[in-house]
Amino acid sequence: MKMIILQDILYIVLLIGLSIPLGIYIYKVMTGQNVFLTRMLVPVENGIYKLMGVKSDEEMGAKRYALSALIFSGIGFIFLWFVQMLQGLLPFNAAGIKGTSWHLAFNTAASFVSNTNWQAYSGETGLTYLTQFLGLTVQNFVSAATGIAVLFALTRGFVVREKKTIGSFWVDLTRTTLYVLLPLSIILAIVLVSQGVVQTFGPYKDAAMLENGAAQTIPLGPAASQIAIKQLGTNGGGFFGANSAFPLENPTAFSNLLQVLSILLIPASLCVTFGKAVKDSSQGRVIYIAMMLLFAVSLIAVTASEQFTAPDFTGAAASASMEGKEVIHGTGASSLWAVATTAASNGSVNAMHDSFTPLGGMVLMFLMQLGEIVFGGVGSGLYGMLAFVLLTVFIAGLMVGRTPEYLGKKVEPYDMKMVCLLVLVPPLVTLIGTAAAVSMPAASSWLTNSGAHGFSEILYAFSSMGNNNGSAFAGFNANTVFTNVTGGIIMLLARFIPMTAAIYLAGNMAGKKTVAGGEGTLSTSDTMFAGLLIGVIFIIGALSFLPALALGPIADYFTM
Amino acid sequence: MMGKTNILKPALICFCVMTVLCGILYTAAVTGIAQIIFPKQANGSMITFTLKDGSQKEYGSELIAQEFTKPEYLIGRPMGMSNLSPVGSEQKELVQERIDWWHSIDPENTAEIPMDLVTASGSGVDPDISPEAAQYQAARIAKERNMSEEDIKKIIKKYTTGPFLGIWGEPAVNVLKVNLALDGLL
């Protein structure tokens, strides 16, 4: 237990230490300043703009920015849908895999375009190498870059005064991909290979097992390149079915540390970026602290639950819960990963969440249900959190009877409508999806576990899809027409309604004057505000989900 | 309003460029570098031997568990993943079956069985067991093979890895490597 505390503390120290320089670097990329890669990449960048026919200093209004993001994602969605259905006829198919069903392809396309990476398929049996690298890897990059681009736009909305524009989607997307995501991914991918993550176009290998000579298939593929961006871009979709629990996806304690650091690295850095961009680092810091506090409390809760509430079996030595966990990770690294992956909207796993203890599993579920804002997805986590910040400012304003302001901008009815869309769409689609699934006559046949834990499997699935996380209580059989179609629609709604709202919020904020703060202005950079913010987040999450949690994990705990 | 084609054209081109850049060039570059610098790891960390007649024999991947059931081998964790709740009744029955199985192949051993030997891993092919789980089996393997328990423990220790930098992760024993060493192949 002492070692677990030590590794958690050092993890947080490493995360904070890396996020500060990276956050400053991303700020420079966002504002078009020179960075050490500029000389090398500027010709490529300009070449891309020339091909697209856009200018590097082009500016867009909210409507154009939103349409660009939506149409770009739409093209990716259609391409990915068809690649999967046609994969049987396409090259790079060493394992002879057939095309997927239309509804599975629909679900997976929606899942990867929305940065969810919910997987109703298993990579090694369901998808060809071509689908993985030409379809999924690309969406791993661009869905992440889209989230970061929208955050840049919203940040500019707070910074600029009386302007109609919030930057260019094409420039934001291109610069994020070229200067941030690609360089980090290349480095991470190669270090992961050194640890034993596979990276090849060669066919699966057949080996004869030592004891009885029986055949064993070792699945391979261009995995490391996809796994690097899967973690850095808070995507989370595993190359193989068992995700980062699978040894060829995450072979050593070192690869595990790198991957779990990568999950939170960019979302945490973006808090620093935000502070730099609004010219007041304390504004970024207060959000960072609020996120870190929620993260730390969750980490303690999950680790303690896994460590101390495991069942005893007569004849077996008393121990922490090891069901669904790998020996090299143990409860410590498994709990850390589980909290990081559900706090961020990553969704990759290195242990099976379905086999977590009831209260441990509940915390993971609740972290998603908060709306993926405790670090959250790259870009999307922080723009979601900023919606909660505005909501907090608004509620505080109501309490003292003053017009609420944030960063010198008045928060008005139009802004609050956008905030409501950002805050309320995910819980709404989550609960509707869960209710619809439970009322299906066939629902009980999709489950592995019985009783309250079975209900938890359904609630977890729709919380995951409705908040663009992507992890699962994997005992839930997700590959059915009902879940594929409703889940696909839910993932798209949960991603693109809040995203569009964030862009329109940016546009409206950009047009406003900045007013100087006075005596009565609520400070949004002190510890009291961090407390208020956490309170609002918790109340919204708890009001939406306590009844459902009572039927699932809480009942599961009390009946164990 | 401005025409949608003003957006559609850059969107299409941008998507194609990103597909080439992030899908093809990036994947190809990482594969190329990986195959040159880390060919063994990039291709599945296979354990390969050259036989006397010069042919190559692959004994599997050191990262993927193989099933062992005979008492003269170090036996790993149950194969396959369960996704069962650790507190559910299904799990309770399954663990009891596993405990009974361990007692059936090693009736003299009355020690408590380490938890990782009676629970399934997340991947279903966990190549490792805890050092305690290996120690638990040392006496049995020694007896079956007419070797000293000390020698068995030495082999186990040789294929035990510690946490990264002594901090992150847990110590683990690679089951396949121990068994290859026991058979005199490694």
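The following legends describe close-up views of a predicted model.

Residues are numbered from 1 along each chain as its sequence is written, and chains are lettered from A, with ligands numbered from 1, in the order in which they are written. Because the model is predicted, local features need pLDDT of at least 70 and side-chain atom pairs count only at pLDDT 80 or more, while totals for chains, interfaces and linings use all residues; side-chain values use heavy atoms, without hydrogens and water.

**View 1. Salt bridge between Glu45(A) and Arg175(A).** The closest N and O atoms of Glu45(A) and Arg175(A) are 3.0 Å apart; a salt bridge is a side-chain nitrogen of Lys or Arg within 4 Å of a carboxyl oxygen of Asp or Glu. The pair links distant parts of the chain, with Glu45(A) in helix H2 (residues 38-52) of chain A and Arg175(A) in helix H7 (residues 169-195) of chain A, 130 residues apart. Helices (H or I, at least four residues) and strands (E, at least two) are DSSP runs, numbered from the N terminus. Glu45(A) is buried at 3% relative accessibility, and Arg175(A) is buried at 10%. Buried means under 20% relative accessible area, exposed over 50%, and partly exposed in between (1.4 Å probe, protein chains only). By the salt-bridge rule, the count over all chains comes to 14.

**View 2. Salt bridge between Glu249(A) and Lys230(A).** Here the closest N and O atoms are 2.6 Å apart. Glu249(A) lies in the loop between helix H8 (223-232) and helix H9 (253-277) of chain A, and Lys230(A) lies in helix H8 of chain A, so the pair ties together parts that are 19 residues apart in sequence. Glu249(A) is buried, with a relative accessible area of 0%, and Lys230(A) is buried with a value of 0%.

View 3. When neighbours within four places in sequence are left aside, Leu37(A) is in contact (heavy atoms within 4.5 Å) with Tyr25(A), Tyr179(A) and Pro183(A). The C-alpha atoms of Leu37(A) and Leu178(A) are separated by 9.4 Å, although these residues are 141 apart along the chain.

**View 4. Salt-bridge network and model confidence in chain A.** Glu412(A), Asp415(A) and Lys512(A) are linked in a network of salt bridges. Chain A averages a pLDDT (the predictor's confidence in each residue, from 0 to 100) of 95, and 100% of the residues score at least 70. Among the elements of chain A, H7(A) has the highest mean pLDDT (98), whereas strand E1 (residues 205-208) of chain A has the lowest (90).

**View 5. Salt bridge between Arg77(B) and Asp126(B) in chain B.** The N to O distance between these side chains is 3.0 Å. Arg77(B) lies in the loop between strand E2 (56-61) and helix H3 (89-105) of chain B, and Asp126(B) in the loop between H3 and strand E3 (128-129) of chain B, so that distant parts of the chain, 49 residues apart, are linked. Both Arg77(B) and Asp126(B) are buried. As context for this view, chain B has six helices and five strands, and buried residues make up 52% of its 186 residues.
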